[in-house]
Amino acid sequence: MNPTATSIKLTNCAKTFADGTQALKPLNLTVKAGETIVLLGPSGCGKTTLLRIIAGLEATDQGGEIYFNQQNMTSIAIEKRNIGMVFQSYALFPNMSVAQNIVYGLKIRKLKPQAIKRRLDEMLEMMQIEALAHRRIDQLSGGQRQRVALARAIAVRPNLLLLDEPLTALDASLRDRLRSEISELLQKLGITSIYVTHDQSEAMALADRIVVMDKGRIVQIGSPYDIYHRPKNEFVANFVGNVNHHPNVFDANYLTLFRPEDVEIVEPTKGDFEAKIISVLFLGDKSRLTLDCGFKKSIYVDTTLRQNFKTGMKISMHVEAERLIKLKTTDNGPATVKES
Ligand SMILES: Nc1ncnc2c1ncn2[C@@H]1O[C@H](COP(=O)(O)OP(=O)(O)OP(=O)(O)O)[C@@H](O)[C@H]1O
Ligand SMILES: [Mg+2]
């Protein structure tokens, strides 16, 4: 692990803006040193606000406290928090060169010229942008700009790296590539990182732990695996993937859900329920079937079977008991999470 990596602890942090908008309800969050946390949630749920509070760009409401390691940082100014930041809009200096952008924070920190040169070369190599060192920012593509923004944030060897939807402005294939690069980079550097996204596959790919937020609250904190397979409520289940309501009622106190990929198509009448195919979407590696099983909602099933499914066909389905997601109906309202 990176020796300079910082642990973070937020206690009772809330945010009410001047106009009365309560962007964050009081929340607690602990991030381990070197961990990558992803804040995931719909637009307006408070992700950026939380990030800005951690950065010191925004003050928490009275009563909230922020610790880096064991040190209380609540009223420490942003420049003294040693944070690297990358935002969706790059925020690079457009009329400076790539190199000038990358060394900007190092000059402010008054590093010696040789140290600056060494760090610059290291960053250019790490981001594979050596050939672009002397280009102006406005002469770069979106993906190249994003690499420069990352290089600039990492160059100062921050204790904490904050990334707010850094890939949203890019096209899908570039986003995929940069996502893997960022994932490798974060693991290699071991910097404590908090990454904001509303893209669930980005969250799954990058996070050690995902923090799912809704309406200014933390709804669930867990590993990507837990969030996907053991969602705390229907909101989380839906937000990180597709989910179906099981047509059979097993227990009135539980709502039973299952994911489209967890269904087995079996011999007619041999399954747990029967359905008719309403539509077939062939996706190459799998087919997505939309089914009518006489229930108020359609059911979605993903299958890799090499069978020529057709609209109107009747099929029978089985879901293994351990694949069922059972939610206590009383747990299904808005939830807050207390951290252990
Ligand atoms: N300066 C402000 N004054 C008043 N309300 C604000 C201010 N900044 C944000 N908000 C409100 O606070 C809530 C949370 O905003 P925030 O930007 O944190 O959401 P977000 O989760 O980052 O959303 P997105 O995914 O769209 O970026 C929203 O309802 C937003 O309108
Ligand atoms: Mg935001």
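A: **The largest nonpolar core**

The largest nonpolar core has 50 residues, and V98, I102, I129, V148 and I154 are the ones that touch the most other members. A nonpolar core here is a set of buried Ala, Val, Leu, Ile, Met, Phe, Trp, Tyr and Cys residues joined through side-chain atoms within 4.5 Å. Buried means under 20% relative accessible area, exposed means over 50%, and partly exposed lies in between, with a 1.4 Å probe and protein chains only. Helix 4, residues 142-155, gives the most to this core, with seven residues. Helices (H or I, at least four residues) and strands (E, at least two) are DSSP runs, numbered from the N terminus.

A word on what you are looking at: this is a predicted model, in which local features need pLDDT of at least 70 and side-chain atom pairs count only at pLDDT 80 or more, while totals for chains, interfaces and linings use all residues. Residues are numbered from 1 along each chain as its sequence is written, chains are lettered from A and ligands numbered from 1 in the order in which they are written, and side-chain values use heavy atoms, with hydrogens and water left out.

Now let's zoom in on one member. Leaving aside residues up to four places away in sequence, V148 touches L92, V98, N101, I102, I129, I137 and L140. Contact means heavy atoms within 4.5 Å. There is also a second, separate core of 27 residues, which includes V31, L39, I194 and V196. As a general background, nonpolar side chains tend to be buried together in soluble globular proteins.

Let's step back to the whole chain. Of its 340 residues, 49% count as buried. Its secondary structure comes to eight helices and 18 strands, and the C-alpha trace spans about 75 × 50 × 40 Å along its principal axes. Among contacts between residues at least 6 apart in sequence, 67% join residues at least 24 apart.
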